[in-house]
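Some labels in a structure description need backing. The questions below ask for it, and the answers put each value beside its cut-off.

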Amino acid sequence: PRNKVKVNKGDPLAIAQAKALAKEGKASLAVRRWLFPPKAPRAQVAAGGKKPLAKDSPLRFDDTTPPLVLTREVIHKAVVHLSKDPKLAALIARVGAAALENEIGTPRPPTQARLFDKCVRAITFTMVSVDAGNAFLRRLAMKVGVAIERMGADGRASLLDRTVRELIDSGEDTNGADNLHKLMLTGKHNTSGFLFTPELVAPLIASCEKLKGKQTGYPHLCGDSFPCGKNDDHELFLQKARAHAAGEGEPVSAAYSRAKADFLISLVADFKSGKISGAKMAAASDREAARMLESLKGIGNWSAGGVLMHFLQRANVMLYGDLTIRNYLNDLYEIGHLEESETLLQSQADFDDTAKNRNLIDALAEAKGWHPYRSVVCYLMYHLQEENLVLL
């Protein structure tokens with residue numbers, strides 16, 4: 001009998017028996033392709049005989065100046081251009097150009113406040129789920145709010161007023177200093193009218209311990225903590241944070257790892273020293289802007305791409321490291337589906353973030369003519385996940 005049981009897949013005798021029967025024509029085409037898979041596709045771009053790029057090669061970023069930004073006009077051009085790809089055309093028809101415009105939004109000023117906020121979020125969401133990342137940011141906002149609450153009245157008022165002006169300059173809707181402080185204390189970090197800024201986070205860092213003269217994140221950024229997920233009672237965390245700040249309770253931190261806490265401390269110092277500039281980044285090519293970002297501790301290739309796409313709204317960024325984008329591209333175009341993968345889930349797991357798979361995505365983008373609108377392709381993949389759309 002043919003081997004149809006997955007658990008026997010590693011049994012040499014069963015495999016040999018199945019192959020012998022398949023060679024006699026006693027197996028379907030699908031089974032024969034599973035038993036005798038073709039050679040894996042080579043990760044190279046055929047046009048021009050280009051050599052495969054290293055995984056984090058800066059050449060994956062566009063070097064065009066002035067850089068292309070996703071304004072409404074550019075989004076409309078992107079929709080027309082990408083609709084030449086039948087699969088994307090069908091997806092665009094279902095999502096709608098208006099939905100893309102609303103999600104991407106109108107470009108805002110490249111202020112230091114907005115850049116810092118995007119960097120904090122990029123560091124936070126690296127290698128964690130969306131829910132976990134939001135819990136970290138919720139706790140961080142509340143801890144920052146409590147640290148500001150402990151300041152003297154004049155210092156607190158001055159800090160909040162300066163921050164409100166920064167937010168207005170950044171294009172944020174704000175209802176004044178009191179509302180801003182309330183957003184922090186309630187952990188509403190995703191609400192319009194709130195951005196993390198270096199000056200807001202600095203008092204919390206200053207209250208952390210120093211070890212041999214070096215600033216650490218203990219006990220406020222990292223260390224013992226308390227649940228503050230989307231289904232938890234956030235008021236309990238606030239009570240514990242206030243008690244901790246007053247010296248009356250157990251330590252409760254924002255729950256970052258020691259490494260990420262160090263990254264946030266370094267980020268505040270880099271912004272205070274003027275190491276990076278949102279205005280300079282706005283004028284630079286994607287490649288040069290990515291280089292600037294990757295000079296910051298905690299900002300890698302994936303984070304740099306995310307900041308370019310969501311802060312500067314660059315039109316031609318591919319977020320290879322994003323699991324959602326990579327897997328939906330793989331499912332939609334069968335870029336790297338392995339013949340021996342018995343399930344869609346297994347095939348997704350096989351398409352991990354490697355140099356080979358990034359090169360396969362680049363080859364697909366070249367073949368389908370996605371340049372210079374790869375960012376819009378990424379947004380369309382997000383819609384496949386968020387809208388739970390059936391694959392085309």
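Exposed means over 50% relative accessible area, buried means under 20%, and partly exposed lies in between. The model discussed here is predicted.

Q: Why is glutamate 334 called exposed?
A: Exposed calls for over 50% relative accessible area. Glutamate 334 has 56% relative accessibility, so glutamate 334 counts as exposed.

Q: Where does glutamate 334 sit, and what is its phi?
A: Glutamate 334 is in the loop between H16 and helix H17 (344–350). Its phi is positive, about 50°, although the residue is not a glycine. Most residues other than glycine have a negative phi.

Q: Why is alanine 255 called partly exposed?
A: The class runs between the 20% and 50% cut-offs. Alanine 255 has a relative accessible area of 22%, so it is partly exposed.

Q: What is the phi of alanine 255, and where is the residue found?
A: Phi is near 75°, a positive value in a residue other than glycine. Alanine 255 is found in the loop between H11 and helix H12 (258–273).

Q: What makes aspartate 173 buried or exposed?
A: The cut-off for exposed is over 50%. Aspartate 173 has a relative accessible area of 58%, so it is exposed. It lies in the loop between H8 and helix H9 (177–185).

Q: Which residues is aspartate 173 in contact with, leaving aside its neighbours within four places in sequence?
A: Contact requires heavy atoms within 4.5 Å. Beyond those neighbours, aspartate 173 is in contact with Ser192 and Gly193.

Q: How do you know which peptide bonds are cis?
A: Look at omega. From threonine 65 to proline 66, omega is near -5°, and the bond is cis. Between tyrosine 218 and proline 219, omega is about -5°, and that bond is cis too. Most peptide bonds are trans.

Q: Where do proline 66 and proline 219 lie?
A: Proline 66 is in the loop between helix H2 (29–35) and helix H3 (72–82). Proline 219 is in the loop between strand E2 (214–215) and helix H11 (234–245).

Q: How do the axes of helix H8 (residues 153–169) and helix H10 (residues 198–206) cross, and which residues make the contact?
A: The axes come within 9 Å and cross at roughly 145°. H8 contributes Leu159, Arg162, Thr163 and Glu166, while H10 contributes Glu199, Leu200 and Pro203. These residues divide into three nonpolar, one polar and three charged.

Q: Which residues line the largest cavity?
A: The lining includes Arg60, Phe61, Trp302, Met318 and Arg358. H15 gives the largest share, three residues. By class, the lining has six nonpolar, three polar and two charged residues.

Q: What makes a space a pocket, and how much space lies in the largest pocket?
A: A pocket is an open set of points with protein on both sides within 12 Å along at least five of seven lines. The largest pocket has about 1,600 Å³ of space.

Q: Which residues lie nearest the centre of the largest pocket, and which helix gives the most to its lining?
A: Of 47 lining residues, Lys118, Arg121, Phe125, His310 and Tyr382 lie nearest the centre. H15 gives the most, with seven residues. The lining has 15 nonpolar, 19 polar and 13 charged residues.

Q: How do you know where the predictor's confidence is below 50?
A: Read the pLDDT, which runs from 0 to 100. The chain averages 89, and 88% of the residues score at least 70. Over residues 1–9 the pLDDT is below 50. It also stays under 50 over residues 341–347, for which the model has 14 contacts beyond four places in sequence.

Q: How many of the residues count as buried, and how many helices and strands are there?
A: Of the 392 residues of the chain, 45% count as buried. The chain has 19 helices and two strands.

Key
Residues are numbered from 1 along each chain as its sequence is written. This is a predicted model: local features need pLDDT of at least 70, side-chain atom pairs count only at pLDDT 80 or more; totals for chains, interfaces and linings use all residues. Side-chain values use heavy atoms; hydrogens and water are left out. Axes are lines fitted to C-alpha atoms, for helices over the stretch in contact, and angles run from 0 to 180 degrees between N-to-C directions. Helices (H or I, at least four residues) and strands (E, at least two) are DSSP runs, numbered from the N terminus. Ala, Val, Leu, Ile, Met, Phe, Trp, Tyr, Cys and Pro count as nonpolar, Asp, Glu, Lys and Arg as charged, and the others, Gly among them, as polar. On a 1 Å grid over the protein atoms alone, a cavity is a set of points where a 1.4 Å probe fits but cannot get out, and a pocket is an open set with protein on both sides within 12 Å along at least five of seven lines; lining residues have an atom within 4 Å of a point. Grid points are joined across faces, edges and corners, and a volume is the space filled by probe spheres set on the points. Buried means under 20% relative accessible area, exposed over 50%, partly exposed in between (1.4 Å probe, protein chains only).
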